[in-house]
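Please take a moment to look over the chain from one end to the other before reading on.

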Amino acid sequence: ACANTDVESFYPDNEMLTKEQSMILERICERCPVKATCLEWALCNERYGLWANTTPKQRVRMRKKLGWAAAYNYIGWSNRYGL
């Protein structure tokens, strides 16, 4: 569904989403068949934007929880840790 959504929707001016933006993002991501892959990509590669219904700050917390000092460009890490 996100492929048919305006890219700018996923890169708001700040991380404080309006309730409407949050609901749209949740609706797009909740049933997505590639959500796990999207999150994996975001954890490994993305510092900006909304990916797999997560904000950059949420991904930083996830990386810290996993013990990652920085994002790794290695596909497979998030699946190994149950994300």
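In this predicted model, the axes of helix H2 (residues 35–45) and helix H3 (residues 56–66) come within 10 Å of each other and cross at roughly 80°. H2 is therefore roughly perpendicular to H3, a label given to angles of 65 to 115 degrees, while angles under 35 degrees count as roughly parallel, those over 145 as roughly antiparallel and the rest as oblique. The axes are lines fitted to C-alpha atoms, for helices over the stretch in contact, and the angles run from 0 to 180 degrees between N-to-C directions. Helices themselves are DSSP runs of H or I with at least four residues, strands are runs of E with at least two, and both are numbered from the N terminus.

Which residues in H2 meet H3? Leu39, Ala42 and Leu43 in H2 meet Arg59, Met62 and Arg63 in H3, where contact means heavy atoms within 4.5 Å. Sorted by class, this contact of H2 with H3 has 4 nonpolar, no polar and 2 charged residues; Ala, Val, Leu, Ile, Met, Phe, Trp, Tyr, Cys and Pro count as nonpolar, Asp, Glu, Lys and Arg as charged, and the others, Gly among them, as polar.

Ala42 lies in helix H2 and is buried, with a relative accessible area of 0%; buried means under 20% relative accessible area, exposed means over 50%, and partly exposed is in between, with a 1.4 Å probe and protein chains only. Leaving aside its neighbours within four places in sequence, Ala42 is in contact with Trp51, Arg59 and Arg63. The C-alpha atoms of Ala42 and Thr55, which are 13 residues apart along the chain, are separated by 9.7 Å.

The loop between H2 and H3 holds Ala52, a residue other than glycine whose phi has a positive value, near 50°. Asn53 lies in the loop between H2 and H3 as well, and its phi is also positive, near 60°. Ala52 counts as buried at 8% relative accessibility, whereas Asn53, at 27%, counts as partly exposed.

Although Ala1 and Ile28 are 27 residues apart in sequence, they are 5.9 Å apart in space, C-alpha to C-alpha.

Side chains of opposite charge can pair when their charged atoms come close. How many salt bridges does a search of the whole structure find? The search finds 1 salt bridge, a term for a side-chain nitrogen of Lys or Arg within 4 Å of a carboxyl oxygen of Asp or Glu. The side chains of Glu30 and Arg31 meet in a salt bridge at 3.8 Å, N to O; Glu30 is partly exposed at 45% relative accessibility, and Arg31 is exposed at 71%.

For the protein as a whole, there are 4 helices and 0 strands, and buried residues make up 27% of its 83 residues. Among contacts with a separation of 6 or more, 48% are accounted for by residues 24 or more positions apart.

Residues are numbered from 1 along each chain as its sequence is written, and side-chain values use heavy atoms, with hydrogens and water left out. Because the model is predicted, local features need pLDDT of at least 70 and side-chain atom pairs count only at pLDDT 80 or more, while totals for chains, interfaces and linings use all residues.
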